[in-house]
Amino acid sequence: MEIPYIKMHGLGNNYIYLDLFKFEIAEERLSDIAQKVSNVNTGIGSDGLILIHPSNVAPIGMRIFNKDGSEGMSCGNGLRCTAKYAFEAGLVQDTSFQIETRAGNVEAEVKLMGDEVEEVTINMGKPILRRSLIPMAGKEREKVVNETFIVAGEELKVTAVSMGNPHAVFMVEDINKAPLYELGETIEKDPRFPEGVNVEFVEVLNESELNFRVWERGSGVTQACGTGACAAVVAATLNQLIPKHKTITVHLDGGDLFITWDENDDVWMNGGADIIASGVYHYR
Ligand SMILES: N[C@@H](CCC[C@H](N)C(=O)O)C(=O)O
């Protein structure tokens, strides 16, 4: 089967995008396609697959599949790329529009440079903090903030945040010493997170800058994670390491995102999105 695709990235977090306004794909094939296109040796190579699709509740919808074929609920970098593509391809005409995700609708606003989208701001909604809704096993709590988390004999402190998808955030002294490869997968699959978890290590540089690295659920180490950067700012605020309601620059491996957790409890993400290539994937 020949499948037209676009490859885009947000700060190096790269996905193969299918524009389902133009064609349909059978639901039962999606997980398999995600795994195959993501393979850098036998596919195209990506962190996963994203579908841009017609929606009954918004002008466009977005679905995300990780490298391992599992479906995520949301994707911050994917939302910025989806917004850029949707505007430039004429799927939407307004510069502000809603995008449906499995975690609910979000509001996107594109900023133009000529005809091209230069940057995108998304209202990622309100963080979910209640333990059972992350979901995280254990005694129910309104928030999981700086809680002792012993893993592989190491004592860490976790702050748990859902941005529609689950994040376990660990504050570290030095991002270069974060045990990303050593503990990322073990924490992702830890039974205390029954649906798995995205794992973030965060170093507070000062009251407006964070360093950030991520091990993504279903994809491993990636260059950036938009929902993770939002979770990092919420976690650092809850730990009283940065002030409330300020725009924070998050330095990720692939570049910077600008995140604000505002007075109305909404988390805003601003950053770039880029188109890399388009073509036809030969799916077997
Ligand atoms: N890269 C993403 C998040 C993708 C989904 C995640 N791995 C999950 O399973 O929840 C982002 O930019 O937010």
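In sorting residues by class, Ala, Val, Leu, Ile, Met, Phe, Trp, Tyr, Cys and Pro count as nonpolar, Asp, Glu, Lys and Arg as charged, and the others, Gly among them, as polar. On this basis, the shell around the ligand in this predicted model is made up of 13 polar, three nonpolar and two charged residues. The shell holds 18 residues, and the closest to the ligand are Gly72, Asn77, Asn165, Gly226 and Thr227. Three elements each supply two or more residues to the shell: strand β4 (60-66) and the helices α2 (76-88) and α4 (226-238).

The chain contains 18 strands and four helices. Its radius of gyration is 18 Å, close to the 19 Å that the globule rule gives for 284 residues, so the chain is as compact as a globular protein of that length. Of the 284 residues, 44% count as buried. Among contacts with a separation of 6 or more, 64% are between residues 24 or more positions apart.

The domain assignment divides the chain into domain 1, which covers 2-125 + 271-282, and domain 2, which covers 131-265. The centres of the two domains, taken over C-alpha atoms, are 24 Å apart. Where they touch, domain 1 contributes 24 residues and domain 2 contributes 21 residues. On the domain 1 side of this contact, α2 gives the most, with four residues. That side has 14 polar, six nonpolar and four charged residues. Both domains also take part in the ligand shell, each giving at least three residues.

Which residues does UniProt list for "binding site"? The unreviewed entry names Asn13, Asn66, Gly76, Asn77, Asn165, Asn198, Glu216, Arg217, Gly226 and Thr227. Glu216 belongs to strand β13 (residues 209-216). A residue is buried if 20 or more other C-beta atoms lie within 10 Å of its own, and Glu216 counts as buried because it has 28 such neighbours. Leaving out residues up to four places away in sequence, Glu216 touches Asn66, Asn198, Thr222 and Cys225.

Gly226, one of the residues closest to the ligand, is found in helix α4. Gly226 is buried too, because it has 28 C-beta neighbours inside 10 Å. Beyond its neighbours within four places in sequence, Gly226 is in contact with Gly10, Cys75, Gly76, Asn77, Leu79, Arg80, Leu257 and Met269.

The backbone has a few details to look for in the loops. Ile134 and Pro135 are joined by a cis peptide bond, with omega about -5°. Pro135 itself is in the loop between β8 (116-123) and β9 (144-151). Ala152 has a positive phi, near 50°, in a residue other than glycine, and is placed in the loop between β9 and β10 (154-162). Is Ala152 buried or exposed? With 11 C-beta neighbours inside 10 Å, Ala152 counts as exposed. Gln240 is not a glycine, yet has a positive phi of about 60°. Gln240 lies in the loop between α4 and β15 (247-252), and counts as exposed because it has 10 C-beta neighbours inside 10 Å.

Key: Residues numbered from 1 in each chain as written. Predicted model: local features only at pLDDT ≥ 70, side-chain atom pairs only at ≥ 80, totals over all residues. Near = placed C-beta within 6 Å. Domains from an automatic or database assignment. Rg over C-alpha atoms; globule rule 2.2 N^0.38 Å. Buried ≥ 20, exposed ≤ 12 C-beta atoms within 10 Å, placed from the backbone. Contact = placed C-beta atoms within 7 Å. UniProt positions renumbered as here; feature names shortened; annotations may be inferred.
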